[in-house]
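Q: I'm new to this structure and would like a close look at one part of it. Please pick a part and walk me through it, along with whatever surrounds it.

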Amino acid sequence: MDHGIVWTKGAVGSPAAGPEDVLRLVRGAVRGEPGGRVETLVAECRMCGAGEDEFEVAKGECFCVGCCIPLGVTDGDVCRSSRRWRLEPSEVPLPPASPGPGFEPADLPRCPAGHDVFQVGVALSFTAEGEVRGISVGLRCPVDGAVCLYIDDARVVSYAA
Ligand SMILES: [Zn+2]
Ligand SMILES: [Zn+2]
């Protein structure tokens, strides 16, 4: 159940510091590809539009608190230019994903203060050919600024749907 989420205080533990600290975290976690590049972004809901940047997290995926639509970190929706993908763990296991509908309480990460809604930082590692090869996802509690690495440099395997 515990796959090693380690929470740290963000920049001076301040909620006002903003999501830059979670971007730094994911940028440091993702492995760059030779000749490639790494892009980082703060996730926003595509359905709700700009400004909706808070997500509930379960089963390795992030769900918009406004409309419950998944962000698509597990299947590639998060990156519009990419084909569909699935994730494979690198050195670190992927977050637990329970089978079937409904969330197990153990699937739901919470910050040390018990909050369960997060801003989501994503780092994508692109090859020199522009294909996504790796992803890291970090969570940031907007209330108290705690951050953690949720997906640690997973390998992206693209497939034709
Ligand atoms: Zn939404
Ligand atoms: Zn919190």
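A: First, a word you'll need: a residue is called buried when its relative accessible area is under 20%, exposed when it is over 50%, and partly exposed in between, using a 1.4 Å probe and counting protein chains only. What you're looking at is a predicted model, so local features need pLDDT of at least 70 and side-chain atom pairs count only at pLDDT 80 or more, while totals for chains, interfaces and linings use all residues. Residues are numbered from 1 along each chain as its sequence is written, chains are lettered from A and ligands numbered from 1 in the order in which they are written, and side-chain values use heavy atoms, with hydrogens and water left out.

Let's get our bearings. The protein chain has 1 helix and 8 strands, where helices (H or I, at least four residues) and strands (E, at least two) are DSSP runs numbered from the N terminus. Read from the N terminus, the order is β-α-β-β-β-β-β-β-β. If a contact means heavy atoms within 4.5 Å, then among contacts between residues at least 6 apart in sequence, 61% join residues at least 24 apart.

The part to zoom in on is strand β6, residues 119-126. How many of its residues are buried? The count is 8 of 8, so β6 is mostly covered. That goes for both faces: Gln119, Gly121, Ala123 and Ser125 on one side, and Val120, Val122, Leu124 and Phe126 on the other, are all buried.

Now look to either side of β6. Two strands pair if DSSP finds at least two bridges between them. β2 and β6 do this in the antiparallel sense over 6 bridges, and there valine 38 stands opposite serine 125 of β6. With β7, the pairing is again antiparallel, over 8 bridges; here the bridge partner of valine 122 is valine 137 in β7. β6 and β7 form a hairpin with 5 residues between them, and glycine 130 in the turn has a positive phi of about 90°.

There's a metal site in the loops next to these strands in the sequence. A metal's donors are N, O and S atoms within 2.8 Å of it (3.2 Å for Na, K and Ca); water is not among the atoms, so sites may look incomplete. The zinc ion (ligand 2) is held by Cys111 (SG), His115 (ND1), Cys141 (SG) and Asp144 (OD), at 2.0 to 2.2 Å. Their spacing along the chain is C-x3-H-x25-C-x2-D. Histidine 115 lies in the loop between β5 and β6, and aspartate 144 in the loop between β7 (132-140) and β8, so this pair ties together parts that are 29 residues apart in sequence. Histidine 115 is partly exposed, at 27% relative accessibility, whereas aspartate 144 is buried, with 13%.

What is the arrangement of the 4 donor atoms? Four donors count as tetrahedral if all angles lie between 85 and 135 degrees; four count as square planar and six as octahedral if opposite donors are over 155 degrees apart and all others between 65 and 115, and anything else is irregular. With angles of 99 to 123°, the site of the zinc ion (ligand 2) is tetrahedral.

A salt bridge is a side-chain nitrogen of Lys or Arg within 4 Å of a carboxyl oxygen of Asp or Glu. By this rule the count comes to 10 salt bridges. One of them joins arginine 31 and glutamate 91, with their closest N and O atoms 3.7 Å apart. Arginine 31 is in the loop between α1 (20-29) and β2, while glutamate 91 is in the loop between β5 and β6, 60 residues apart. Arginine 31 is partly exposed, at 38%, and glutamate 91 is exposed, at 70%.

Arginine 155 and glutamate 33 form another salt bridge, their closest N and O atoms being 3.3 Å apart. This one runs from strand β8 (residues 146-158) to the loop between α1 and β2, across 122 residues. Both arginine 155 and glutamate 33 are buried. Shared partners join Arg31, Glu33, Glu91, Asp153 and Arg155 into one network of salt bridges.
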